[in-house]
Amino acid sequence: MSEQYQSMWKELGLNLAAHDMLLEALGKGYQDIYLSQKERPEGMGYFDFVLSEVHGLRIKELMDEKAAGRKVIGSFCVFVPEEIVRAADATLVGLCTGADFATEEVEKILPRNTCSLIKSAFGFKLGKVCPYLESSDMVVGENTCDGKKKSYETLKDLVPNLYVMDLPQMKSDEGRALIQAEYFRFKEAVEELTGVTIDAEKLKKGIAIVNNKRKAIHRLSLLRKADPAPISGLDALLANQVFFYDDPVRYTDSVNKICDELESRIEKEEGPFPKGTPRILMSGCPMAVPNWKLPWIIESSGGVIVGEESCVGERGTRNLVTDGGDTVDDLMEAIVDRYFKVDCAIFTPNPDRLAHVEEMFREYNADGVIHYGLQFCQPYIAESMPVEKSLEDKGIPTLRIETDYGMEDAGQLKTRVEAFMEVLKP
Amino acid sequence: MRHAGIDIGSRTIELVVVNDGDILSTRQTDTGFDPMAQAGELLNGMDFDRIMATGYGRNLFEIAFDAPTVTEIKAYGMGVSALIPGARTILDIGGQDSKAIALNDMGAVKKFEMNDRCAAGTGKFLEIMAKTLGFELAEFGSEALKAQDDLHINSMCTVFAESEVTSLVAKGEDRRAIALGLHQSVVRRAVGMIKRVSSEGPIVFAGGVAKNPCMRRLLEEALKQEVLIPEDPQMVGALGAALLSSRMKT
């Protein structure tokens, strides 16, 4: 895709040589991991196209929107309410992370024992290779884990348009009051940035667009209950990842089209893996493009992933905003209610998450749970131990993995994952 | 029918041939830098009908010799159950990794833990530490047992431990006491791993590091129970693979 977008990337201030290298690596990884899969749904062709144009056509679209006076807002977290952004006719995009980049530069400004996700986000900034970040009119940081909130203090010097949103740590009345106040403050900031006054009609429209997008991806998730699973975990993960980049309306249509296809596959009992393949529920940290390492190892070691209990997955998408009335205040309350349900590990205590893991294990007819903790991600690593214990006490086989974006542990991970499959299907 | 099992580890390769559950022959060689050439040489002249591979080189072997594979974890479970029926917990410390495996009452793998990318607490760690202190690997454990005092070593990382050892040597500490401290640190880590999967007895210790008498003594002290060691602890994985091959439907 390079040639035609060179001038656009140059205008955005990207480091063209480094960016070419990144795209080449991404393309090769996609070829090896995605295009080598068998029996993929035809509808995945759309996502192959989106991925091949993820730094090209999609950025061009964003630049066109900007030229037409609309704004682009970048985010690192599912707590940033897209409904509010949409209501102001702006576009919310997930910012780049998911691969090690310019790590040596990053470690000059962040501690080495910072998780890969944060280091990667900084690497994309320092290496000047994320066109989403460079085209954002506002970048929203959010106070979730300590790693993120302290790193935003450093990011502020690199990204002048950084806006930091505070978030509660407890699901109490005071916690809800904080997220409510922060969402109203965010609404004002978005109004100021865009010059759009968000009224009830606009907010309703924003809610409808985002609800439809969540409904579509949730529909896809539910279809994975079938045995054989009608779609690979890798492909379903990709659909969940593209959720953060694509135009929401087009995305909704494309996912629904795949769902229609999957329904007919289920009728014919078709899927990429035969019936009886060990079914894995993944649980834990989010996986951003192109962090496909663990799902790839699982699905090339005799398993099929049938669900993601993750921010890039059901944790981020299972809840909808309920129709909350006709005033801006009522609608904002409905948005607050929706986001306050997200069972992120930054909350203490966080019993809903464990309940959701168990519920998904049962509903998706899983055989075992693989808990994915990103090394140095304190909240999820800390939860991984009680989650493992609690699941095993209920007779649910669980494998706890702690890894990062590097490939040097792939051999050991493969041994552990294969041995887990042997436990599931002796 | 004769079934062979080959365990391609990071340091050594073992081959076992069985017939009806009886061990007909065993062989061992170093892995070296060309594991498939070494494996081919080990197979040379051996008589068997089928072979199954395990160990970290199993996937290479699968491609080179068109053979089925099984993980070390399942192979060790099988091998230990055959040698010591009723065993419930296995500690396997090899050249570059360590594993704790819990077996159910049928001898099948119930749960396991494995070290991640780093070789801390494995045979490699002991090998480098023996060299740093000027011991032969084969005498490292027995020399450590002669120590008068026990020194506490904090570092588990090979690189950090090496500098910690160097500074202890510089302080004039007895090298046997340092050796004992190093063994203690490996045992602390192994016991933590065992306790995460199970600590139900009988506990079996296998893999190359099981040949080290100091490791066994310290493990028994820490676990407060007897630790059983198969006659040839390095052959367990290959034996397990051979037995699993004979159980495989054709």
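This is a predicted model: local features need pLDDT of at least 70, side-chain atom pairs count only at pLDDT 80 or more; totals for chains, interfaces and linings use all residues.
Local features require pLDDT of at least 70 and side-chain atom pairs pLDDT 80 or more, whereas totals for chains, interfaces and linings use all residues. Residues are numbered from 1 along each chain as its sequence is written, and chains are lettered from A in the order in which they are written.

In chain A, an open sheet is built from four parallel strands in the order β6-β5-β7-β8; strands are DSSP runs of E of at least two residues, and helices runs of H or I of at least four, numbered from the N terminus. Pairing requires at least two DSSP bridges between two strands. At the edges lie β6 (304-309) and β8 (398-403) of chain A, each pairing on one side only. Strand β7 (residues 368-374) of chain A is joined to β8(A) by six bridges, and V369(A) has T398(A) as its bridge partner there.

The largest nonpolar core comprises 203 residues, with I6(B) and A242(B) making the most contacts inside it. Such a core is a set of buried Ala, Val, Leu, Ile, Met, Phe, Trp, Tyr and Cys residues joined through C-beta atoms within 7 Å, buried denoting 20 or more other C-beta atoms within 10 Å of the residue's own, with C-beta atoms placed from the backbone. Helix α7 (residues 175-197) of chain B supplies its largest share, ten residues.

The contact between chains A and B takes twelve residues from each of chain A and chain B, contact meaning C-beta atoms, placed from the backbone, within 7 Å. On the side of chain A, helix α19 (residues 410-424) contributes the largest share, eight residues.

Definitions and conventions
A residue is buried if 20 or more other C-beta atoms lie within 10 Å of its own, exposed if 12 or fewer, and partly exposed in between; C-beta atoms are placed from the backbone. Two residues are in contact if their C-beta atoms, placed from the backbone, lie within 7 Å.
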